[in-house]
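Subject: Structure for your review

Dear colleague,

Please find below the structure that I am handing over to you. My findings follow it.

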Amino acid sequence: MKAFIFDLDGVIVFTDKFHYQAWKKMADAMGIYFDEVINNRLRGVSRAESLEIILERYDGEPLSDEKKAELMEEKNNTYRKLLATMTPADVTDEVRDTLKKLHEQRYKLAIGSSSRNAKFILEKVGLLDAFDAISDGNNITHSKPDPEVFTKAGEFLGVKPKECVVVEDAYAGIDAAKAAGMTAVGIGDAAGYAKADYQIESFRELLAIQG
Ligand code: B16
Ligand code: MG
């Protein structure tokens with residue numbers, strides 16, 4: 001193994017509560033039922049696909065593409081205001097130390113996130129310099145479970161897919177990693193997903209997954 005590619009939300013940081021608050025504000029304003037169980041389905045899913053999932057419970061007139069774009073922009077503005085409150089304290093010592101140790105062991109480290117806000121989040125938590133490459137929602141046309149975000153991360157690092165380990169909390173992310181020909185590690189929600197090559201409970205267990 002030569003590289004680790006990390007999903008961001010649910011692995012390095014936990015911004016799902018902010019996604020929830022921002023989507024909830026939009027859903028409430030439109031009279032759409034939305035709760036934390038539905039929010040779980042948005043894990044690792046793109047912004048546009050997230051909106052479609054929320055609109056499954058909308059029974060008004062079909063919305064135009066312009067209106068959908070407006071709703072996504074409004075949600076993103078609320079979300080970014082919440083992200084702006086993040087600080088380095090939003091990353092655990094365990095995550096920070098493990099990244100440092102992997103770096104010292106000469107592994108290349110990258111982010112593979114569906115989010116278009118990935119760089120902003122990394123900047124807020126002081127981790128922008130911790131990664132050799134960032135592949136995110138801004139450089140892909142297909143989101144997870146399509147392998148594109150991870151394939152691109154491997155390319156940015158100059159490392160072959162079979163030499164990459166992907167760390168993911170979403171089932172769609174594990175499927176994407178396997179489709180990219182990479183080793184997949186499930187953590188959090190994905191720790192119970194049988195398709196993951198490794199299932200871990202805590203971030204530091206990555207130090208034992210080296211080959
Ligand atoms: P944005 P990840 C994903 O991040 C989130 O899990 C998902 O809920 C969100 O819809 C997606 O990013 C897009 O985020 O609206 O910021 O572009 O888990 O792939 O790091
Ligand atoms: Mg995630």
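Domain bounds, as used here, come from an automatic or database domain assignment. Please note also that this is a predicted model.

Domains

The assignment for the protein chain gives domain 1 (3–14 + 88–208) and domain 2 (16–83). The C-alpha centres of domain 1 and domain 2 are 24 Å apart. Their contact takes 17 residues from domain 1 and 9 residues from domain 2. On the side of domain 1 that touches domain 2, helix 6 (118–124) and helix 8 each supply at least two residues. Helix 6 gives the largest share of that side, with 3 residues.

The nonpolar core

The largest nonpolar core contains 53 residues, and F4, I5, F150, V166 and V167 are those with the most contacts inside it. Helix 7 (residues 148–157) contributes the largest share of this core, 5 residues. At least three residues of the core are drawn from each of domain 1 and domain 2. Setting aside residues up to four places away in sequence, V167 touches F4, F6, D7, V11, V185, I187 and L206.

Helix 7

Is helix 7 mostly covered or uncovered? Helix 7 is mostly covered, since 8 of its 10 residues are buried. The buried residues are V149, F150, T151, K152, A153, G154, F156 and L157. They pack against strand 1 (3–6), strand 2 (108–112), strand 3 (133–135), strand 4 (164–168) and helix 8 (171–179). After helix 7 comes G158, whose phi is positive, near 75 degrees.

Helix 1

Helix 1 comprises 15 residues (residues 16–30), and its end C-alpha atoms are 21 Å apart; at 1.5 Å a residue the helix should span 21 Å, so the two values agree. The buried residues of helix 1 are F18, H19, A22, W23 and A27. Because these residues cover an arc of only 165 degrees around the axis, they are on the same side of helix 1. In general terms, an α-helix has 3.6 residues a turn, so residues three or four places apart point the same way. The face of helix 1 turned away from the buried side carries the exposed residues K17, D28 and A29. The cover over the buried residues of helix 1 includes helix 2 (36–40), helix 3 (47–55) and helix 4 (65–83). Helix 1 is followed by G31, which has a positive phi, near 70 degrees.

Backbone details

Two places in loops may be of use when you inspect the backbone. K144 and P145 are joined by a cis peptide bond, with omega about 20 degrees. P145 is placed in the loop between strand 3 and helix 7. R106, a residue other than glycine, has a positive phi, near 70 degrees. R106 lies in the loop between helix 5 (93–104) and strand 2.

Yours sincerely

Note on methods: Residues are numbered from 1 along each chain as its sequence is written. Chains are lettered from A and ligands numbered from 1 in the order in which they are written. This is a predicted model: local features need pLDDT of at least 70, side-chain atom pairs count only at pLDDT 80 or more; totals for chains, interfaces and linings use all residues. Helices (H or I, at least four residues) and strands (E, at least two) are DSSP runs, numbered from the N terminus. The expected span of a helix is 1.5 Å times one less than its number of residues. A residue is buried if 20 or more other C-beta atoms lie within 10 Å of its own, exposed if 12 or fewer, and partly exposed in between; C-beta atoms are placed from the backbone. The arc is that of the directions from the helix axis to the C-beta atoms. Two residues are in contact if their C-beta atoms, placed from the backbone, lie within 7 Å. A nonpolar core is a set of buried Ala, Val, Leu, Ile, Met, Phe, Trp, Tyr and Cys residues joined through C-beta atoms within 7 Å.
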